[in-house]
Structure formats: C-alpha cells, structure tokens
Protein chains: 2
Amino acid sequence: MSPSDVDDLVSRARDAEPRAVARLISLVEDASPQLRSVAAALAPYSGRARVIGLTGPPGVGKSTSTSALVTSLRRQGKRVGVLAVDPSSPFSGGALLGDRIRMQEHATDRGVFIRSMATRGHLGGLSWATPQALRVLDAAGFDVVLIETVGVGQSEVDVVSLADTTVVLLAPGMGDGIQAAKAGILEIADLFVVNKADRDGAEATVRDLKNMVAMARRGVGGTSWRQPIVRTIASEMDGVEEVVAALDKHHDWLTSYGELEQRRDRRARAEVEAIALESVRASFAGPGEDVLADLAKRVASGELDPYAAADRLVAGISRP
Amino acid sequence: MSPSDVDDLVSRARDAEPRAVARLISLVEDASPQLRSVAAALAPYSGRARVIGLTGPPGVGKSTSTSALVTSLRRQGKRVGVLAVDPSSPFSGGALLGDRIRMQEHATDRGVFIRSMATRGHLGGLSWATPQALRVLDAAGFDVVLIETVGVGQSEVDVVSLADTTVVLLAPGMGDGIQAAKAGILEIADLFVVNKADRDGAEATVRDLKNMVAMARRGVGGTSWRQPIVRTIASEMDGVEEVVAALDKHHDWLTSYGELEQRRDRRARAEVEAIALESVRASFAGPGEDVLADLAKRVASGELDPYAAADRLVAGISRP
C-alpha cells in the first residue's frame, strides 16, 4: 500500500465510508507496516472528537447504557464511534460477546461505527491499539467516541487516560461492592450513573454515592467539578437524556478551566510513552534476542543480578 | 545503608530472621536506593526455591487452599514463603483482605513468611516487585514459595511466567465459567484442583476438566506432562496431601526433561526485560520529562504523530 493509497483511505474515512474506517483501524490494530504512514496521515485531523469513557463492574448494564447513549447522541445528529474493549482474561472468555449483540440495533446506521477490541499486549489493561483506533475515529470526523471497558484490573484506570470524561456505571444490589470500590471510583469518575434505577436498593446506592462525593469535596475549591449522579433505566431510555446533558456540562467545565487541554496533553503523553516502550520491547525481542537470552541465562544461574543485566540490555538499545 | 549493612541483612534473612526478610522485601518493593545492592547481594543464593503459582477465579477458595498447602508442606519440614498478589482494581478493593485473615494461623510460625503485595505499576498485572520479593524469599532459604493471585485480567498469565508449577483452582457451580475459560486455563495449568469437592456439581466439574485435558492431549507425545486433576476440601485438609504429591511429581517431571531450566531461563528473561522497560520508562519521567512533555503537546495539537514522537523519545534514551 503506497502513501497515496493511505491518503485515499483517510479521505474516504473522512467521508464517513464505514469500510475505509474499518480498514484503517485494522491497519493500526495489527501493527501493519503501514502503521506509521497511517498515523502520520491522521495526525492533522486529530483532537476534534469528544472522548467519553464508560466503565463499571460487570453486570451493571454497560453495553445497554452505551447503546442508549448512542441512540440519544444520534437524535442530536452527532456521529458516534464506539470502542468496546474486552479484557482478554482466560476467566472472562467469551462471556462479554453476548452483550455486544445489544449494540446491533445501530449496525445499519452510517453515523455509528462500533468496534470490539480485545486487550492484549504487554503494557497494561487497555490494548495499545485502542488509542490508535481512537485516532482513526477522531480523524474520520466522529463527533463523539465512546470507549467502553469492563472494570476489572487495570483497564478502568487506563480508559481514564484516554477519555475527556469518564462515566462510572453502577447498579443497585452490588452489596458491599461500592463500599470496597469507594476510593478507586471516586478518583476516576467525572460522572456517576446508577443504572437499573427501578430496582430495590437504587436509592441507597445513590445516597451512598452522594455521601462519598460530599466527603471527598470537603476543602475543595469552588471551581472544581462536582461529580453528578444520574439515575437511568438504560433499557427503557429513562434518564439517558440527563446523562447526555451532564456530559455536555462536564465538557463546558473542561473547556472553561483549561482542563481539556491538560487532559489531552496527558493522553498524548501516555500514548507516546506506550509506543516508545513497545518499540524498545520489540527491539529486545528482535535484534536483541540473543543478548537478552544470554543475560537471562546468567541471571538464572545467579552469576548476574537482574538489575545489572537490565542495565546492559538498556545500554544496547538500538536507535530508531 | 552501606553495602555491608545489606550483606548483614541478607545473612540474617538466610538465618530465617523474619524481620530481616520483611525489611529486604520492603527495600525491593519500594524501589529504594539500595535496591541494586540488595539484588546483587541476593544473586548468588538464587535458584533454589521451588516456585508454585496458584490462580483461579474469585470464590474458589484460593486463600484457604494456600493456607492448607502451607500446613501440609510444614508437616514435611519445609520452609514456605507466600506472596499473595492482589490486583489493585478499584472494583475489587478491600474485598480480598478478609480472605487473607485465614492465613493468620501461620502467623507465629517462623518457618512461614507471608506477604501481601498489591499489583501496581505500568507493566501488567503482576507487580514488578513480585519477582524481586520472590528473589528475597529464595535467597533467604525458603524451600517453597507459593505465589497466589486472583484470576482477573493479566495477573494469572503473569504468575505463570514466575512459577515452576502453576496450579489452577476451580470449584463446582461456576456454571458456564469453565466452558468459557477452557482455552485459557488449559494453557497455563500444570495441575488442576477442584476445591469444595463435597458440593453439588463437583463430579461434573471434574468430568469437564478430564474431557478438556484428554482433548488437548490428542497427538501429544508420550513424554509430555498430563495435567492431573485433584479434588480437595481445603477447609478440612481433604485431598491436600494429594496436591502436594502431584506437585512433587510435576517437579520430578520438570527436572527429568530439562523443562525446569527452560522455565527459569524464561522467568529471568521476563524479569530482566521488565526491569529494563521500567528503567526506560523512569528515564522518560525523570531526565526526559521536558522532552516528553514537549512531544506530547505537539502530538495533542496534531503537529506530530505519536509514532514519530515515540521515535524521537527512544532516540534520546540515556544510557545507564
């Protein structure tokens, strides 16, 4: 594929041609030889999409909520991309695929693009390909990109590093779950959604969250963001407009206080760092394989300690 | 702390002094300035402990099983170290701490050393500190080190990279869980334990596993390892001796076929690689912070693509 083919593909993606978008994501996802020319072709068109992360423990209705948000954003005429990130744990297996079927109602809508991505790779919960897929959707002119990830392990923290706004979904009846999760979710949430709000215990969940938010805000200044708590029944579209309104409000807050720029700088920083580390790692496995194998043998035998071995490995990194 | 203090600490740890062991683990866990001299002092004593990984989905009784294994190994006069690795997900929070209380029966036994480690850091599920803590326990003369981790995300895969033998724990009544998990657990398990074997469905779980193992072995050579399936009721010590016997058998197999050396070379390789990547990452955050911040700004503005930025970052890595 020549550079002009890549430019053509980017141009067709910007004309909302779904196959061009899909092809570009595949090129970045598979780390194809064209990856770098694709990245270069996308760069000038980046930074326009609003990026919203959705996370929460299993069973709260994340896919249903994502689908409902898509419906609501489409009513406003917005083009919406969805990246559904599955953690590839041997213990979660295919269970999540079933959920994704709920998203099918948007399958024929050209204004919606949905991609499931398995997490993989060496650098934590979110696939290193996810930020690149986000770049494709951004450059292709999607107004909003929703990144949905199940809250297990590192991925719910990583989604925050990509998103302008992070929505934490909860549901009633999670028992001590919220208590246990307190510290973690307070840090990452810009917005709480209590889904399945018609179920027993919904009010208690909302009350717990309110107390949490109030406690955390003690001594916090007046321009800081107060995390809203929105009740939804996503399967019936109940409360979904309110979520969209809260998202808009958060976006206004982000832009008013320079926080959007800061978050996007942080995102770019994490992305550049991850790519750099991946390229260093690849150089260990490729040209440095013999060196590393030899160092590993000497560490295993006790001749060398692993830190001294690592220093030698780093000293031999080849420059790009 | 001078080099001779470190040597003194290592010597006291080798005399089974628990406080010296704990101090050494803290030094490696906190990435203290002494980390490198500790690593160097430990190296000559490494490679003696048998390393056993225990993993499985939540609720199968991992802590109870670990505790029962400790009891059984202590009856054989073996010194046992336990590293209990908690994934630091905001959604699992403190829930695992309660389980750890079950391990308290060994708290006053000098032949047992238990340490809980939170996963953290940028390089996947298992803390990069876990291999270093393992080195401390190994050098301190523990005969067996058990590494217990809950099977969510990447950690159950990472534990395999550290262990000589990996035990996958399951329990009856996990529904479709085993079906979904098939591919993943077959790859990582050297030994299956079906705990809570007095419960309904235990026989069905054992039968499913047997079929899985038989299917996977089609066409496999005669010297390959056949994963045993052991039933236990860990809370009553039922079947635990059988687990220890199966572990011994696997250890014999590992040594007979040169597989132990290969696994330990792989472990050292992963360890050296992780330390090297962490030191590269640290150089981005330290001396390279301004460079990275500038590159990130240019990526965020669309002036530069993230791959080109990463190349510049790697080109500037300072040599140790």
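**Side chains that meet**

Modeller: The term stands for a side-chain nitrogen of Lys or Arg within 4 Å of a carboxyl oxygen of Asp or Glu. Before we go on, this is a predicted model, where local features need pLDDT of at least 70 and side-chain atom pairs count only at pLDDT 80 or more, while totals for chains, interfaces and linings use all residues. Residues are numbered from 1 along each chain as its sequence is written, chains are lettered from A and ligands numbered from 1 in the order in which they are written, and side-chain values use heavy atoms, with hydrogens and water left out.

Colleague: How many salt bridges are there over all chains?

Modeller: The search of the whole structure gives 40.

Colleague: Is A:Glu17 buried, exposed or partly exposed?

Modeller: A:Glu17 is partly exposed, at 25% relative accessible area, and A:Arg12 is partly exposed at 30%. Buried means under 20%, exposed means over 50%, and partly exposed is in between (1.4 Å probe, protein chains only).

Colleague: Which residue does A:Arg267 meet in a salt bridge?

Modeller: That's A:Asp164, at 2.8 Å from N to O. The pair links distant parts of the chain, 103 residues apart: A:Arg267 sits in helix 11 (residues 259-285) of chain A, and A:Asp164 in the loop between helix 7 (155-162) and strand 5 (165-170) of chain A. Helices (H or I, at least four residues) and strands (E, at least two) are DSSP runs, numbered from the N terminus. Both A:Arg267 and A:Asp164 are buried.

Colleague: What about B:Arg75, what does it pair with?

Modeller: B:Arg75 has a salt bridge to B:Glu241, with the closest N and O atoms 3.4 Å apart. B:Arg75 is in helix 4 (residues 62-75) of chain B and B:Glu241 in helix 10 (residues 240-256) of chain B, so this pair ties together parts 166 residues apart in sequence. B:Arg75 is exposed at 57%, while B:Glu241 is partly exposed at 41%.

Colleague: Switching topic: how many aromatic pairs are there over all chains?

Modeller: Six. Rings of Phe, Tyr and Trp (its six-membered ring) pair if their centres lie within 6.5 Å; planes under 30 degrees apart are stacked, over 60 edge-to-face, and the rest tilted.

Colleague: Why is the pair of A:Phe113 and A:Phe142 called tilted?

Modeller: Their planes are at 55°, so the pair is tilted, and the ring centres are 6.4 Å apart. A:Phe113 is in strand 3 (residues 112-118) of chain A, and A:Phe142 in the loop between helix 6 (129-139) and strand 4 (144-150) of chain A, 29 residues apart. A:Phe113 is buried at 9% relative accessibility, and A:Phe142 is buried at 4%.

Colleague: And what lies over the face of A:Phe142?

Modeller: A:Arg79, at 4.2 Å from the ring centre. For a charge to sit over a ring, NZ of Lys or CZ of Arg has to be within 6 Å of the ring centre and within 35 degrees of the ring normal. In chain B, B:Arg79 lies over the face of B:Phe142, at 4.2 Å from the ring centre.

Colleague: Last one: which residues of helix 3 in chain B are buried?

Modeller: In helix 3 (residues 35-42) of chain B, B:Leu35, B:Val38, B:Ala39, B:Ala41 and B:Leu42 are buried.
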